[in-house]
Amino acid sequence: MTINARGTTTDPAGTAAVSAGQGRTARRAADTVVFLTPPLLLVVPSLLIRARLIDDAFLFLNLVSLFISGLVAAYAHMGWRARPHDGDLLSAHTLTGRHTVDLARLTKVGRLEVPGQTRNDDRLILTDEHGVRLILDKLAGGDEKVDTLVRRALLRRPQGAGVVVSDRAAERLDLRTEVSRPHGRLTAGRTVREGLIGWVPLLSFFVVAPVGFGLLIAGFLLSGVT
């Protein structure tokens with residue numbers, strides 16, 4: 001691993017260079033897609049139907065537009081083959097290219113838990129001050145988790161850093177006591193009770209379904225379908 005004159009780090013294979021801020025543009029693009037998907041799936045098919053260019057069955061895309069946005073929000077930043085680099089950088093491959101978070105400049109640490117039949121998909125959500133986000137669990141080349149690197153980086157932050165750590169992330173990283181201390185190194189984020197994790201899919205349905213049906217009705221009205 002080497003560092004060139006511009007401060008970028010070359011990975012052990014020498015095939016690519018990593019630097020702080022990699023993935024910032026991709027995150028902005030993904031966030032734009034997340035926010036624009038529901039209105040675009042409402043307006044565009046409605047206008048095409050009104051012009052008699054497509055069938056009105058396309059309006060039913062409104063039922064799943066929020067679900068599509070959620071998938072983009074999660075999987076656009078889902079990382080694999082994560083590797084640490086010099087300068088407290090942690091880089092991983094994602095669907096939108098290589099993302100690199102600066103562990104020494106983290107601003108938020110969350111936790112994504114998706115219940116499964118055999119086990120939960122449990123990952124940390126890391127966001128740094130460069131605007132890069134990574135959703136990770138393990139490092140490349142084995143079963144070693146990213147927890148040790150993240151915990152060590154958070155404990156090195158100066159007083160008053162104000163890194164927002166969710167309650168579930170603090171539990172995973174064994175930082176609940178540290179978050180409650182008054183020095184301001186870490187601050188408490190959102191809290192989700194452990195007993196609610198298994199109910200997340202059902203609770204999400206009761207939130208997404210009414211909005212989806214509302215968008216569907218709006219699509220029928222906008223397209224002029226009676």
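A nonpolar patch on the surface of this predicted model is formed by Phe 58, Leu 61, Val 64, Phe 67, Ile 68, Leu 71, Tyr 75, Trp 80 and Leu 95, which together have about 840 Å² of accessible area. Patch residues have over 30% relative accessible area and no salt bridge, and nonpolar side chains are joined within 5 Å; areas follow the Shrake-Rupley method with a 1.4 Å probe, and a salt bridge places a side-chain nitrogen of Lys or Arg within 4 Å of a carboxyl oxygen of Asp or Glu. Helix α2 (residues 65-75) supplies the largest share, four residues. Phe 58 is found in the loop between α1 (24-50) and α2 and is partly exposed, at a relative accessible area of 42%.

Buried residues are those under 20% relative accessible area, exposed ones those over 50%, and partly exposed ones those in between. His 99, in strand β6 (residues 97-102), is buried, with a value of 0%. Its side chain makes a polar contact of 3.0 Å with that of Thr 96 (N or O atoms within 3.5 Å, one able to donate a hydrogen and the other to accept it) and reaches the backbone oxygen of Arg 133 at 3.2 Å.

Leu 216, in helix α6 (residues 200-223), is likewise buried, at 9%. Its C-alpha atom is separated by 5.3 Å from that of Asn 62, 154 residues apart along the chain. Beyond neighbours within four places in sequence, Leu 216 is in contact with Leu 59, Phe 60, Asn 62 and Leu 63 (heavy atoms within 4.5 Å).

Helices (H or I, at least four residues) and strands (E, at least two) are DSSP runs, numbered from the N terminus. Residues are numbered from 1 along each chain as its sequence is written, and side-chain values use heavy atoms, leaving out hydrogens and water. In this predicted model, local features need pLDDT of at least 70 and side-chain atom pairs count only at pLDDT 80 or more, while totals for chains, interfaces and linings use all residues.

Terms used: Patches are made of residues with over 30% relative accessible area and no salt bridge: like charges are joined within 9 Å, nonpolar side chains (Val, Leu, Ile, Met, Phe, Trp, Tyr) within 5 Å. Buried means under 20% relative accessible area, exposed over 50%, partly exposed in between (1.4 Å probe, protein chains only).
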